[in-house]
Amino acid sequence: IASDAATGTALEWSGSDKVVSLLPKSQSDLDRIILSSNGSYEPEDLTLAIANEMSVEKRSPQWLEKNGICLDNILPGKSSNPQAGRGAIAQRSIKKGETIAPAS
């Protein structure tokens with residue numbers, strides 16, 4: 001259950017738990033998301049800001065050293081191919097057979 005910010009009315013959500021986990025839980029969460037989107041209310045900017053602010057579990061440097069994998073070869077973004085939309089975009093040339101990202 002969430003509340004409508006404008007009216008304070010309780011709203012029910014029957015969507016997936018993953019979707020619900022991305023919704024801001026407080027005004028400070030919403031303020032952080034808007035700040036992260038550089039004040040833009042464009043859907044693409046807000047989507048990226050929500051992903052950055054709400055879905056990334058913070059980990060200690062020790063955890064990252066033990067379990068982390070560097071993914072500096074890709075970034076979220078819009079493809080130059082109009083048929084493709086948004087997704088993981090290569091930052092540099094990726095050779096045939098090279099691992100792009102691990103899958104579990």
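Let's start with Asp29, which lies in helix 2 (residues 27-36); helices (H or I, at least four residues) and strands (E, at least two) are DSSP runs, numbered from the N terminus. This is a predicted model, where local features need pLDDT of at least 70, side-chain atom pairs count only at pLDDT 80 or more, and totals for chains, interfaces and linings use all residues. Residues are numbered from 1 along each chain as its sequence is written, and side-chain values use heavy atoms, with hydrogens and water left out.

**The protein as a whole**

- The protein has four helices and four strands.
- Starting at the N terminus, the elements follow the order β-β-α-α-α-α-β-β.
- The protein has 104 residues, and 9% of them count as buried; buried means under 20% relative accessible area, exposed over 50%, and partly exposed in between (1.4 Å probe, protein chains only).
- If you take the contacts between residues at least 6 apart in sequence, 25% join residues at least 24 apart; contact means heavy atoms within 4.5 Å.

- Asp29 counts as buried because its relative accessible area is 12%.
- The Asp29 side chain reaches the backbone nitrogen of Lys25 at 3.0 Å. A polar contact is a pair of N or O atoms within 3.5 Å; within protein, one must be able to donate a hydrogen and the other to accept it, and residues adjacent in sequence count only if both atoms are side-chain atoms.
- Once neighbours within four places in sequence are set aside, Asp29 is in contact with Pro24 and Met54.

**Asn38, in a loop**

- You can find Asn38 in the loop between helix 2 and helix 3 (43-54).
- Asn38 is exposed because its relative accessible area is 73%.
- Although Asn38 is not a glycine, it has a positive phi of about 55 degrees.

**Ile94, after strand 4**

- Look for Ile94 in the segment that comes after strand 4 (86-90).
- Ile94 counts as partly exposed because its relative accessibility is 27%.
- Setting aside neighbours within four places in sequence, Ile94 is in contact with Asn73 and Ile100.
- From C-alpha to C-alpha, Ile94 and Ile74 are 9.8 Å apart in space, and they are 20 residues apart in sequence.
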